[in-house]
Amino acid sequence: MDGLFRLDGRVALVTGAAYGIGFAIAEALAEAGAKIAFNCRSQAHLDAALADYKKLGIDARGYICDVTDEEAAAAMVADIEKTLGKIDILVNNAGIIKRIPMHEMAAEEFRQVVDIDLVAPYIMAKAVLPSMMERGRGKIINVCSMMSELGRETVSAYASAKGGLKMLTRNIASEYGKYGIQCNGIGPGYIATPQTAPLREPQPDGSRHPFDAFIVAKTPAERWGTPDDLKGPAVFLASDASDFVNGHILYVDGGILAYIGKQP
Ligand code: NAP
Ligand code: GCO
């Protein structure tokens with residue numbers, strides 16, 4: 001069984017893995033034996049991340065690359081292929097959110113979220129697919145969201161992008177399954193990272209942020225998730241253990257999507 005989940009010698013690119021969920025996923029793939037490449041947008045984040053990977057004994061190759069920039073993404077993929085080898089595993093993790101009521105949101109803000117959270121996974125997948133098709137194997141993992149299924153106030157662009165990402169996942173699976181490529185999604189629940197920090201900030205009187213209390217009550221596990229909660233699911237979807245799993249979204253949400261919410 002152990003071998004089924006091993007990734008020895010495989011090359012993995014995890015986008016936006018300077019910190020947060022992407023970092024934990026990259027750490028897990030490295031622990032399973034993969035060679036790691038990652039990117040982010042700023043030199044400061046890149047330097048801090050390289051130091052963090054080094055502390056864990058992971059020799060990660062880092063790039064400054066905005067995933068919305070098709071040329072830069074292609075150049076990064078070409079460099080990874082030259083230095084580490086052809087990419088076996090792509091994790092489309094980089095993402096942003098803007099919490100703005102839709103009627104107050106500028107079209108440009110909406111577009112920026114869709115560009116990073118939906119168009120960029122298409123750009124990245126397009127960059128790695130030809131070599132995966134040639135070799136007859138490959139794993140693409142798209143980081144989706146509760147908002148791939150649910151709506152909520154202020155996150156119209158994010159929900160539109162993550163709902164679209166769920167369908168891009170199914171479409172890649174449909175179009176490229178015949179080449180031995182699997183494309184699946186991970187749908188994290190509410191995970192404690194910089195992205196969700198504003199939703200957990202204690203109130204001036206020291207009490208819990210109301211959204212924090214709401215999420216704990218809405219989650220059967222009665223807690224926020226941690227980036228480490230995504231490690232096992234990521235290794236599963238990156239490994240031979242999931243070779244006949246395709247077009248699936250694996251929700252890792254402590255049960256949120258199964259639950260109507262705490263009864264009064
Ligand atoms: P985070 O803490 O904000 O980290 C985001 C990462 O993405 C950073 O490394 C950031 O680095 C990078 N990034 C953002 N835009 C980028 C771009 N255009 N090009 C390249 N890198 C970019 O977010 P997170 O909470 O770990 O979330 C990671 C993914 O999981 C996102 O797709 C998010 O939507 C999704 N997700 C999060 C949660 C949650 O509860 N936290 C739940 C469900 C889904 P730089 O700042 O240096 O660019
Ligand atoms: C929000 C949150 C969410 C989470 C996550 C849920 O404001 O509702 O940030 O969108 O980050 O994507 O799965």
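A residue counts as near a molecule if one of its heavy atoms lies within 4 Å of it. The views below come from a predicted model, in which local features need pLDDT of at least 70 and side-chain atom pairs count only at pLDDT 80 or more, while totals for chains, interfaces and linings use all residues. Residues are numbered from 1 along each chain as its sequence is written, chains are lettered from A and ligands numbered from 1 in the order in which they are written, and side-chain values use heavy atoms, with hydrogens and water left out.

**View 1. The shell of residues around ligand 2.** Ligand 2 is surrounded by 14 residues, of which Arg99, Ser145, Arg152, Tyr158 and Gln195 are the closest. This shell is made up of 8 nonpolar, 4 polar and 2 charged residues. Domain 1 (2-189 + 225-255) and domain 2 (193-224) both contribute residues to the shell, so ligand 2 lies between them; the domain bounds come from an automatic or database domain assignment.

View 2. At Gly189, a polar backbone atom is 3.3 Å from an oxygen atom of ligand 2. On its own ligand 2 has 340 Å² of accessible area, and the protein covers 97% of it (Shrake-Rupley method, 1.4 Å probe).

**View 3. The shell of residues around ligand 1.** Around ligand 1 there are 30 residues, the closest being Arg41, His45, Asn93, Tyr158 and Thr193. They divide into 16 nonpolar, 11 polar and 3 charged residues. At least two residues of this shell come from each of α1 (20-31), β2 (35-40) and α5 (156-176), where helices (H or I, at least four residues) and strands (E, at least two) are DSSP runs numbered from the N terminus. Domain 1 (2-189 + 225-255) and domain 2 (193-224) each supply at least three residues to the shell around ligand 1.

**View 4. Polar contacts of ligand 1.** An oxygen atom of ligand 1 is 2.6 Å from an N or O atom in the side chain of Tyr158, and an oxygen atom of the ligand is 3.0 Å from a polar backbone atom of Gly16. A nitrogen atom of ligand 1 is 3.1 Å from a polar backbone atom of Val67. Taken alone, ligand 1 exposes 890 Å², of which the protein buries 96%.

Terms used: A polar contact is a pair of N or O atoms within 3.5 Å; within protein, one must be able to donate a hydrogen and the other to accept it, and residues adjacent in sequence count only if both atoms are side-chain atoms. Ala, Val, Leu, Ile, Met, Phe, Trp, Tyr, Cys and Pro count as nonpolar, Asp, Glu, Lys and Arg as charged, and the others, Gly among them, as polar.
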